[in-house]
Each structure stands twice: as C-alpha cells, then as structure tokens.
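Grab a pencil and let's work through some disulfide exercises together. Each one has a task and then a step-by-step solution.

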Amino acid sequence: MRLPRRAALGLLSLLLLLLPAPEAAKKPTPCQRCRGLVDKFNQGLVDTAKKNFGGGNTAWEEKTLSKYESSEIRLLEILEGLCESSDFECNQMLEAQEEHLEAWWLQLKNEYPDLFEWFCVKTLKLCCSPGTYGPDCLACQGGSQRPCSGNGHCSGDGSRQGDGSCRCHVGYQGPLCTDCMDGYFSSLRNETHSVCTPCHLSLGCWHGMGHVWIRNTHTQPGYSSRVRIAASPACDESCKTCSGPTNRDCGECEVGWVLDEGACVDVDECAAETPPCSAAQFCKNANGSYTCEECDSSCVGCTGEGPENCKECIPGYAREHGQCADVDECSLAEKACVRKNENCYNTPGSYVCVCPDGFEETEDACVPPAEAEATEEESPTQLPAHEDL
C-alpha cells in the first residue's frame, strides 16, 4: 500500500526526530574537556623535560634566571601547545582558567603534584576522583578502590554524573558483579576477588560455586536433568579453536602462533629476516605479538633497551665500560675552547665555550676588565673634524 504524500512526510519527520543527533552524542562533557586539557599539559611536561633556555650557556642561564624546569618560560611553552587554533571549547576553557594553571605551576605543584586532582576535581569541581561518582563524589558500588569488584564499570565513575550502579563485564552479573552468568563458572572466589571463566562450548553449563552443571543427555525422552562435574577451563591463549585446555588441543592456532610438532607455539616476529621495527627502535617479542621500543637517545641503532645495547654511539658519545657515554670534551688533553681565559662547559653530546663574568669577549680572547680598560686608554683619541675658514 502506498502512503499519501502528506502522511509519508509526517512519518519521515517523526523518524528524524527519534534519531539521536550524532554531533550532540559526541560532544565531550565538561569533565572530559578538563581531563583532556590536563592530559595535554602532562604531555607538554614530557615534551619539554629535556629542554633548556636555548641560549647555549645552560649553566649560566640557570644560575642567573633560575631553573628552566620550574620557569615561567617552560610554562608558556606548555600552554601554547595545549589547544589547536580551531578548538574553540579548549581555547575558551584555557582562557578562563589560565590563572589557575599559572598559580598551580608557580606556587602549588609541590603541595598538589596531581594536576588533575587539584584542577578538575578540587578547584573546578568538574570531575571526581577515580572510583567515585555524582555531584558529591560518592564511592561506587563495591568501594572506590575496586568498583564493581573489578568486574564491571561504575556508572559515572570519575565524573559528576551517573548513579554509581555497576554495568558488569561479559560473564558477570549481580549488584557487585561477583556472580557468574550462564555459560561461565566460578574459578576463583574469596573476600576480595571473583573470577568467572567460560565453559567449553560443547558443555551447556550453568553457573555454580566452584563447579559446573551440564545437561544430562542420558535421560528418558521428554525429561532433562543436571549433572555436576569438575569445571573445565577455556582454550589455551594460543588456540583459535580447541578440544581441550592445552596448546596441543588446538584445532586452529591464533594469529601470532604457529603449529609446531603438534602444538601451537609463539611466532618470534623479532627474529624475522626483515626486522618489523624501524632503525631507531628495537623489537620485544610477546605471546602472539611484539612491540617496538625506542632506542636510548645515545644510540644510532640498538639491539635492546639502554645505552649498553647501542649498535653505534651518536656524535659526542663514545663507548665506555660497555655502553655509550657522554664525552667530556672539556677534560680532553686537546683543549676544546682555545681562546685565552675561556671557560669550557660540558653538555650532553657537546660543549659550550663562555667567557667568565665581567670579561670582554673578543675574537681570540676573553679580556679581563683591567686589561680592557687599559687598552681603551692607550688607543689614540681621534681629533675632531674642522672646516677650512
């Protein structure tokens, strides 16, 4: 049956009203915006951790201008990188709360080292501490240390929203997520922990306390019963399908594992002929996978973590006692700073040459104050120009 045009338009309008607005659903909450700002601030701390004032004479600058690590210059560099120019809400929050961030940086960070807790929870009151929820930051079901017994998510956890109830993970149920669902059995339960493990798919099981009930297929037609048996664990992590609990019972191996002499064993991707990581990284094998980790900053290529595993050292570093160490150019027999009276300061991978305080810097020497004044007095005075009458 074909609907009249007006009725069809009315039905379409109703459907559109019922659909959630995608942009509104994705709009971050005030707590999420505050947490995002703090996360970017903490990343800024990491990015500027090895910087200095940039003038070349780090020792003199920090002696004269205070430490870079706690300076307003570092704070300014971090604040400038917090928000993209197109992120209106981030810039709006930063503009409104910049004085709070400056006060924390200059006066309060030693007393309150957790910026999120001080800024978002205690000062702006936009969030709650982990394990608490709602306007008054009450403890979640099961307590703030292990909400929902560690087997679920607390509604409103860490925010000023929600009701603190538990949404249990798959396999768990009950107000505190301590009970097992059908298809799972309790493999561990004590005063603090409850662990539910999947039954084998071939066993239609119901949850129980330390045992599994399966359907008894040997009953009279039209009847059913339950038989209690010992609990069967899930497949080994190396199996995609299995008929038993070990890596020799796999019907098919998981990705990252390979069948070898009747068992699924881990593939060592790091031992491949073509390494999976870049030249500035080293490979760490893991069960069924691998990770690429960054080499030490003193390395040009590496085989593992730390300066002792460098293939070669970067300029300014040399192998010493089995690892790449900074070369102190200032202590070498051949002077690094060749001008007279010049001081040498070693830096990681390099060095700087600086005249002492009060000395005048020339092309080939650092001239003491007394010599500089004497040189000026000995220089002939230029006669003033005059016009012919």
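This is a predicted model: local features need pLDDT of at least 70, side-chain atom pairs count only at pLDDT 80 or more; totals for chains, interfaces and linings use all residues.

Residues are numbered from 1 along each chain as its sequence is written, and side-chain values use heavy atoms, with hydrogens and water left out.

**Exercise 1.** Find how many disulfides the structure holds.

*Solution.* Start with the cut-off: a disulfide is a pair of cysteine sulfur atoms within 2.5 Å. With that rule, you get 18 disulfides.

**Exercise 2.** Work out which parts of the chain Cys 180 and Cys 196 tie together.

*Solution.* Step one: check the bond, where the S to S distance is 2.1 Å. Step two: locate the ends, using strands (E, at least two residues) as DSSP runs numbered from the N terminus. Cys 180 sits in strand β6 (residues 179-180) and Cys 196 in strand β8 (residues 194-198), so the link ties together parts 16 residues apart in sequence. Step three: read the handedness, which is left-handed with -90° about the S-S bond.

**Exercise 3.** Decide whether Cys 337 is buried or exposed, and do likewise for its partner Cys 353.

*Solution.* First, the scale: buried means under 20% relative accessible area, exposed over 50%, and partly exposed in between (1.4 Å probe, protein chains only). Cys 337 has 6%, so call it buried. Cys 353 has 29%, which makes it partly exposed. Their sulfurs are 2.0 Å apart.

Definitions and conventions:
Helices (H or I, at least four residues) and strands (E, at least two) are DSSP runs, numbered from the N terminus.
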